[in-house]
Amino acid sequence: MDPEAAHTARESLELAFQMSNILTTGLDRRTLSILIALCDCGLNPEALAALVRELRNESHPREYHKQLFSTNERYVI
């Protein structure tokens, strides 16, 4: 990546992080960067958002795992 593109990418991530903070999403820069990269790869942003919400709300990982694989619903990513 050329220096100008890297600079633009950093500025874009910083802007997205500031917006994330204003919206009190609780996402850190690393997580936000990963989510942006997944969207850039073509993953559905609404499906990613739903997944993040579910993972946050889940307090028992084993029960979540059972629920995730016992349901007929699938995330469209």
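## Ground rules

Helices here are DSSP runs of H or I with at least four residues, strands are E runs of at least two, and both are numbered from the N terminus. The model is a predicted one, where local features need pLDDT of at least 70 and side-chain atom pairs count only at pLDDT 80 or more, while totals for chains, interfaces and linings use all residues. Residue numbers start from 1 along each chain as its sequence is written, and side-chain values use heavy atoms, with hydrogens and water left out.

## Overall layout

The protein has four helices and zero strands, so read from the N terminus the order is simply α-α-α-α. Of its 77 residues, 12% are buried, meaning under 20% relative accessible area with a 1.4 Å probe and protein chains only; exposed is over 50%, and partly exposed sits in between. Looking at contacts (heavy atoms within 4.5 Å) with a separation of 6 or more, 32% of them link residues 24 or more positions apart.

Helix α1 covers residues 3-22 and holds S20. Is S20 buried or exposed? S20 is buried, at 5% relative accessible area. Once neighbours within four places in sequence are set aside, S20 is in contact with T25, L27 and L32.

T24 belongs to the loop between α1 and α2. T24 is not a glycine, yet it has a positive phi of about 50 degrees. T24 counts as exposed because its relative accessible area is 67%.

## Helix α2

At the start of α2, a side-chain oxygen of D28 comes to within 3.3 Å of the backbone nitrogen of R30. That is a polar contact, i.e. a pair of N or O atoms within 3.5 Å; within protein, one must be able to donate a hydrogen and the other to accept it, and residues adjacent in sequence count only if both atoms are side-chain atoms. The helix has 12 residues and spans 16 Å from first C-alpha to last, close to the 16 Å expected from 1.5 Å times one less than the number of residues.

T31 sits in α2 and is partly exposed, at 29% relative accessibility. T31 and F17 are 14 residues apart in sequence, with 10.0 Å between their C-alphas. C39, also placed in α2, is partly exposed at 30%. Not counting residues up to four places away, C39 touches P45 and L48. Just after α2, G42 adopts a positive phi of about 105 degrees.

With 13 residues, α3 reaches 18 Å from its first C-alpha to its last, close to the expected 18 Å.

The second largest pocket holds about 220 Å³ of space. A pocket is an open set of points on a 1 Å grid over the protein atoms alone, where a 1.4 Å probe fits and protein lies on both sides within 12 Å along at least five of seven lines; lining residues have an atom within 4 Å of a point. Its volume is the space filled by probe spheres set on the points, which are joined across faces, edges and corners.

Which helix gives the most to this lining? That is α3, with six residues. Both α2 (29-40) and α3 (45-57) supply at least two residues each. The lining includes T25, L27, L32, C39, P45 and L48.
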